[in-house]
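I opened my notebook today to look up a few things in this model. Here is what I jotted down.

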Amino acid sequence: MLVTGAAGFIGSNLCDFLLDQGCEVAGLDSFVTGQREFLSKALKNAKFQLHEVELADFEHVKAVTAVFKPDTVIHLAANADVRFGLQHPRKDLEQGTVVTFNVLEAARLAGATKFAFSSTGSVYGEPEIFPTPETCPFPVQTSLYAAAKLAAEGMIQAYAEGYGMKGYILRFVSILGERYTHGHVYDFANKILDNPKEIDVLGDGKQTKAYLYIGDCLSAIWHILNKCEDKINIYNLGPDEHINVDQSLDVICKVMDATPKRNYSGGKRGWIGDSPFIFLDCKKLKSTGWKSQKTIRESVELTIRWLLANDWVLKRRQT
Ligand SMILES: NC(=O)c1ccc[n+]([C@@H]2O[C@H](COP(=O)([O-])OP(=O)(O)OC[C@H]3O[C@@H](n4cnc5c(N)ncnc54)[C@H](O)[C@@H]3O)[C@@H](O)[C@H]2O)c1
């Protein structure tokens with residue numbers, strides 16, 4: 001298996017998971033946001049190899065992939081922050097779309113038979129159907145991040161049609177858990193540590209989203225790759241519940257033993273492109289026999305406890 005974004009939150013957990021399943025794994029990462037410490041367990045395993053590669057450099061990706069000759073490529077590397085897209089309008093195109101093309105083409109040239117891609121529930125924009133199924137129409141994109149992911153989805157579908165490689169398009173809700181390094185739990189933890197008396201909350205606190213625990217995300221990826229053999233396999237990955245920002249902040253405050261006064265910036269969205277309600281219909285995935293193990297509240301609690309026990313992560317990453 002070849003995993004891009006191997007040093008990231010999801011990628012490093014995935015490498016450990018795949019190694020535990022007995023797979024041979026090549027991890028590719030440029031360390032733009034990835035953390036070497038996250039790979040310390042994997043690097044002790046003889047079945048793991050790490051390659052420092054900037055995936056925008058096609059010749060480098062091609063060379064590494066040609067030598068490893070993976071049967072399956074799981075492409076996770078991307079700019080994973082939705083929120084700041086408008087501050088650097090080219091970044092999502094380059095990191096989300098062009099890089100995906102590079103990895104896809106390198107995978108094809110190396111003879112890979114399966115290509116899995118971490119897409120997002122944000123591709124649905126602001127849908128009118130909840131929970132939102134894979135077949136929901138999504139005519140309007142509201143973020144550059146999701147627009148770049150959607151373009152990448154299209155390329156993967158065309159490759160699957162044209163070259164016979166199986167495509168796995170996995171639309172994740174937000175993921176929580178160990179090695180989490182960006183998102184609202186991270187931001188709130190940093191803010192409460194800075195000032196436990198007051199906290200700025202983006203929007204009105206009622207934005208409502210589904211979150212999936214990292215262990216459940218990994219078991220779903222593994223399950224889909226092993227059970228689903230269509231030419232193009234499109235799956236939503238998420239739990240069958242949701243939580244709003246205020247409720248999530250309640251859990252965080254309880255764990256941190258803080259009761260900050262909440263100052264809301266107001267409005268239904270936290271930022272331009274923030275979808276006020278994300279809740280994916282995951283019946284299709286569940287019908288294949290997969291189910292999640294952790295509730296959202298358990299996931300938020302595990303995440304905050306992990307961040308507090310690994311506070312170097314809170315200090316290190318700049319979004
Ligand atoms: N975390 C979530 O909640 C979530 C939700 C939906 C989709 N996703 C998608 O899942 C994937 C992984 O997300 P994550 O949360 O682990 O993010 P992350 O930032 O922790 O990991 C991304 C990894 O990719 C690497 N990377 C980025 N650009 C690269 C490049 N050009 N060349 C080489 N390496 C590069 C980074 O160094 C990092 O290690 C992303 O594609 C993201 O869009 C994540």
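This is a predicted model: local features need pLDDT of at least 70, side-chain atom pairs count only at pLDDT 80 or more; totals for chains, interfaces and linings use all residues.

Which residues of H9 are buried? I got Ile296, Ser299, Val300, Leu302, Thr303, Ile304 and Leu307. I also checked the length of H9: residues 296–309 make 14 residues, and the helix reaches 20 Å from first C-alpha to last, close to the 20 Å expected at 1.5 Å a residue.

Next, the domains. The assignment gives me domain 1 as 2–175 + 213–237, and domain 2 as 178–209 + 241–280 + 289–316. Their centres, taken over C-alpha atoms, are 24 Å apart. For the contact, I found 30 residues from domain 1 and 20 residues from domain 2. On the domain 1 side, H1 and helix H6 (214–227) each give two or more residues. H6 gives the most there, with six residues. I sorted that side into eleven nonpolar, 14 polar and five charged residues.

Last, the ligand. How many residues surround it? I noted 28, the closest being Gly5, Gly8, Ser30, Gly34 and Ala78. Two or more residues of the shell come from each of helix H1 (9–20), helix H3 (91–109), strand E5 (114–120) and strand E7 (174–176). H1 gives the most to this shell, with three residues. The shell splits into 15 nonpolar, eleven polar and two charged residues.

So much for today: H1 turned up both in the shell around the ligand and on the side of domain 1 that touches domain 2.

How values were computed:
Residues are numbered from 1 along each chain as its sequence is written. A residue is near a molecule or strand if its C-beta atom, placed from the backbone, lies within 6 Å of it. Helices (H or I, at least four residues) and strands (E, at least two) are DSSP runs, numbered from the N terminus. Ala, Val, Leu, Ile, Met, Phe, Trp, Tyr, Cys and Pro count as nonpolar, Asp, Glu, Lys and Arg as charged, and the others, Gly among them, as polar. The expected span of a helix is 1.5 Å times one less than its number of residues. A residue is buried if 20 or more other C-beta atoms lie within 10 Å of its own, exposed if 12 or fewer, and partly exposed in between; C-beta atoms are placed from the backbone. Domain bounds come from an automatic or database domain assignment. Two residues are in contact if their C-beta atoms, placed from the backbone, lie within 7 Å.
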